[in-house]
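Please look over the sequence and the model shown here before reading the report.

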2 protein chains.
Amino acid sequence: MNLSPLNERFVLHFGEMGSRWGVNRTVGQIYALLFISPKPLNADEIVEQLGMSRSNVSMGMKELQSWRLVKMVHLAGDRRDYFETPKDVWEIFRTLAEEKRRREIEPTLSLLRDALLDTPANENERHAQARMREMHDLVELASGWFDEVHRLSPETLENLMKLGAKVQKVLGFADKLRGNKDD
Amino acid sequence: MNLSPLNERFVLHFGEMGSRWGVNRTVGQIYALLFISPKPLNADEIVEQLGMSRSNVSMGMKELQSWRLVKMVHLAGDRRDYFETPKDVWEIFRTLAEEKRRREIEPTLSLLRDALLDTPANENERHAQARMREMHDLVELASGWFDEVHRLSPETLENLMKLGAKVQKVLGFADKLRGNKDD
DNA sequence: TACAATTTTCAATAATTACTGAAAATACAA
DNA sequence: TTGTATTTTCAGTAATTATTGAAAATTGTA
């Protein structure tokens with residue numbers, strides 16, 4: 001690996017964490033490298049800096065693009081594809097949340113919706129279905145809430161988070177709003 | 001697999017999704033089975049219903065317990081270990097969020113904190129470190145915000161989510177609170 | 001068009017992770 | 001204690017996933 005010590009540490013860490021986040025080691029490394037790179041990189045530069053095969057980089061880029069975590073750019077007078085990560089970390093955060101939701105939450109919500117349409121065949125299934133309904137309602141609620149929050153601008157979202165210890169107070173106000181349906 | 005159709009569908013789905021959520025297929029299946037079960041199950045009952053080996057169940061239970069997603073209980077006059085999932089879906093949600101944070105976020109936060117203490121050796125590292133700082137600040141902010149929300153009771157949390165479209169309005173109020181430091 | 005540069009695909013294989021059966025360990029009861 | 005029920009461990013194997021090199025496909029240029 002052809003990187004300065006600080007950068008190598010960062011890249012290796014993302015490689016290791018990759019598996020916990022649902023991507024393989026090399027994809028994690030590629031993303032990390034692009035994230036800290038001051039300029040877009042082409043595939044050969046990635047090969048050179050990370051010491052993996054050209055084909056591996058090609059597949060990794062495809063995966064990262066499917067997550068919308070990197071975008072392809074082109075430099076004047078250069079045929080090669082260059083890649084960069086979005087600059088704004090808030091944007092990255094939101095993209096990641098969106099994709100995770102689409103891949104990890106939606107399929108389950110969909111299954112639960114289906115399952116709730118079934119007529120339970122016996123007492124055992126009746127109980128199971130009741131549990132599925134509890135899960136469905138929670139996931140749907142959290143999911144809808146996420147949609148709302150997700151629509152906020154980065155600045156608003158940042159403000160919301162910076163609220164910190166004030167969240168409790170906001171909720172007092174929230175309860176008032178809830179009572180006021182046509183507001 | 002020795003389950004009624006509705007239940008089998010649910011169990012199989014959780015098995016498939018397991019890999020996206022960071023556990024293997026059998027662990028996903030065991031959890032799903034326990035979630036919909038009207039009473040605690042012992043290891044042999046799980047073996048019988050899911051058709052996997054006894055040792056696999058044993059390892060699966062250990063993993064699920066490490067996630068705090070199942071707890072062991074005992075029945076009067078029965079030496080065997082029984083397992084059940086917490087009943088309250090909100091509690092499950094919070095536990096999951098806590099564990100995910102501990103396993104997926106904290107290690108990265110820790111690496112970033114370390115990396116930011118280093119003195120960059122050159123311009124390349126200086127830029128990389130600036131990017132790491134952006135990431136660090138975002139993760140720390142989101143993480144602290146999560147702590148706050150996490151402390152709320154299930155009811156309050158539910159109310160917060162049900163707010164839905166009112167979130168924007170709450171934020172108007174939030175901004176006022178922010179200006180009022182000693183409130 | 002023909003050529004060169006570049007990217008993608010894919011079959012082979014390497015590496016990792018999951019699963020099992022058998023043996024060992026543990027916990028309890030007589 | 002000793003014996004029995006139960007759980008855990010772990011080495012071997014199966015299954016899955018990741019990685020590579022070589023070939024094919026694509027893209028742009030002369």
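The report covers a DNA strand and its protein surroundings, then a pair of helices.

This is a predicted model, in which local features need pLDDT of at least 70, side-chain atom pairs count only at pLDDT 80 or more, and totals for chains, interfaces and linings use all residues. Residues are numbered from 1 along each chain as its sequence is written, chains are lettered from A and ligands numbered from 1 in the order in which they are written, and side-chain values use heavy atoms, with hydrogens and water left out.

**DNA strand D**

There are 16 residues around DNA strand D, and Thr26(A), Arg79(A), Arg54(B), Lys62(B) and Asp81(B) come nearest; a residue is near a strand if one of its heavy atoms lies within 4 Å of it. The table gives polar contacts (pairs of N or O atoms within 3.5 Å).

| Protein atom | Atom of DNA strand D | Distance |
|---|---|---|
| Arg79(A), polar side-chain atom | base oxygen | 2.7 Å |
| Arg54(B), side-chain N or O atom | phosphate oxygen | 2.7 Å |
| Asp81(B), polar backbone atom | phosphate oxygen | 2.8 Å |

**Helices α5(A) and α7(A)**

The axes (lines fitted to C-alpha atoms over the stretch in contact) of α5 (residues 89–117) and α7 (residues 154–162) of chain A come within 10 Å and cross at roughly 85 degrees. The two helices are therefore roughly perpendicular (65 to 115 degrees).

Note on methods: A polar contact is a pair of N or O atoms within 3.5 Å; within protein, one must be able to donate a hydrogen and the other to accept it, and residues adjacent in sequence count only if both atoms are side-chain atoms. Axes are lines fitted to C-alpha atoms, for helices over the stretch in contact, and angles run from 0 to 180 degrees between N-to-C directions. Helices (H or I, at least four residues) and strands (E, at least two) are DSSP runs, numbered from the N terminus. Angles under 35 degrees count as roughly parallel, over 145 as roughly antiparallel, 65 to 115 as roughly perpendicular and the rest as oblique.
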